[in-house]
Every structure is written in C-alpha cells, then in structure tokens.
Amino acid sequence: MPVQRFAAVIRLRPELEAEYRALHAAAWPEVLATLKRANIGNYSIFLRDGLLFSYLEYTGEDYAADTALIAECPVTREWWARTDPCQQPLESTDEGQWWASAEEVFHLD
C-alpha cells in the first residue's frame, strides 16, 4: 500500500501554548496506540508564529474508516476535549473541519 501524506494547519491560542506543549510532552499512550491502529505513523506537529502544522503518513486502505475509528475512541475524545480549546481554526477552514488541510506542492523521496 503506498503511503499517503497529510498536512494541516491551525492556530494555537497563545495563552494556552504552555498547556498544549505539556499535553504533547506526555501524550496519552491510548491516544498514540489508537493512531497506530488506524494506520497513522510518522506524525509530527510543528509550531511557528502561532501556527501549528501537522504532518502524518497513512498506510491503510480506507482513511475515512480509520479516522472514524479514532473519533470513536473515548480516550481520544477526552484528549480532544483538552487540546481543542488550545486551538483556533483558520478563517479559511472548510465547514465541518477543525484543522485546515494543506495542499502538497512538492515532495522528494
């Protein structure tokens, strides 16, 4: 199965940066295990000038189904209840999205 790459952007609320960093410094094991079960790996979140940039690689066959499994996990939903208040969607984010998808314009293997 070829690797699919996904990137997205969201704002980090500056007053909650320390909390966001602390949560991710001790990411919950069940959240990480759920991501792996959903065929997500090489997942990173970067911060620059108040913007969070996420990058992940997906190796499964049905991204929609696998991400739905993530959303069904009660521990992940609790994680989001803690991390979401730290974030602010971009004005250009599509309806129903939290993170704004980023278009890949270049890739080198």
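This is a predicted model: local features need pLDDT of at least 70, side-chain atom pairs count only at pLDDT 80 or more; totals for chains, interfaces and linings use all residues.

Visitor: What volume does the largest pocket have?

Guide: About 940 Å³. It is lined by 32 residues, and Tyr43, Ser54, Leu56, Trp80 and Trp99 are the closest to its centre.

Visitor: Which elements give two or more residues to that lining?

Guide: On the strand side, β1 (4–12), β2 (40–48), β3 (51–58) and β5 (100–102). The helices are α1 (17–25), α2 (29–37), α3 (63–72) and α4 (74–83).

Visitor: And how do the lining residues divide into nonpolar, polar and charged?

Guide: There are 21 nonpolar, ten polar and one charged.

Visitor: OK, switching to packing. Which residues make up the largest nonpolar core?

Guide: Seven of them: Ala8, Ile10, Leu12, Tyr20, Leu52, Cys86 and Trp99. β1 gives the most, with three residues. There's also a second, separate core of six residues, among them Leu35, Ala38, Ile40 and Tyr58.

Visitor: What does Ile10 touch, leaving out residues up to four places away in sequence?

Guide: Its contacts include Leu52 and Trp99, along with Gly50, Leu51, Gln87, Gln88, Pro89, Leu90 and Trp98.

Visitor: Now the loop between β4 (87–88) and β5, where Thr93 is found. Is Thr93 buried or exposed?

Guide: Thr93 counts as buried because its relative accessible area is 15%, and the cut-off is under 20%.

Visitor: What lies 2.9 Å from a polar atom of its side chain?

Guide: The backbone oxygen of Leu90. Beyond four places in sequence, Thr93 also touches Trp98, Trp99 and Ala100.

Terms used:
Residues are numbered from 1 along each chain as its sequence is written. Side-chain values use heavy atoms; hydrogens and water are left out. On a 1 Å grid over the protein atoms alone, a cavity is a set of points where a 1.4 Å probe fits but cannot get out, and a pocket is an open set with protein on both sides within 12 Å along at least five of seven lines; lining residues have an atom within 4 Å of a point. Grid points are joined across faces, edges and corners, and a volume is the space filled by probe spheres set on the points. Helices (H or I, at least four residues) and strands (E, at least two) are DSSP runs, numbered from the N terminus. Ala, Val, Leu, Ile, Met, Phe, Trp, Tyr, Cys and Pro count as nonpolar, Asp, Glu, Lys and Arg as charged, and the others, Gly among them, as polar. Buried means under 20% relative accessible area, exposed over 50%, partly exposed in between (1.4 Å probe, protein chains only). A polar contact is a pair of N or O atoms within 3.5 Å; within protein, one must be able to donate a hydrogen and the other to accept it, and residues adjacent in sequence count only if both atoms are side-chain atoms. Contact means heavy atoms within 4.5 Å. A nonpolar core is a set of buried Ala, Val, Leu, Ile, Met, Phe, Trp, Tyr and Cys residues joined through side-chain atoms within 4.5 Å.
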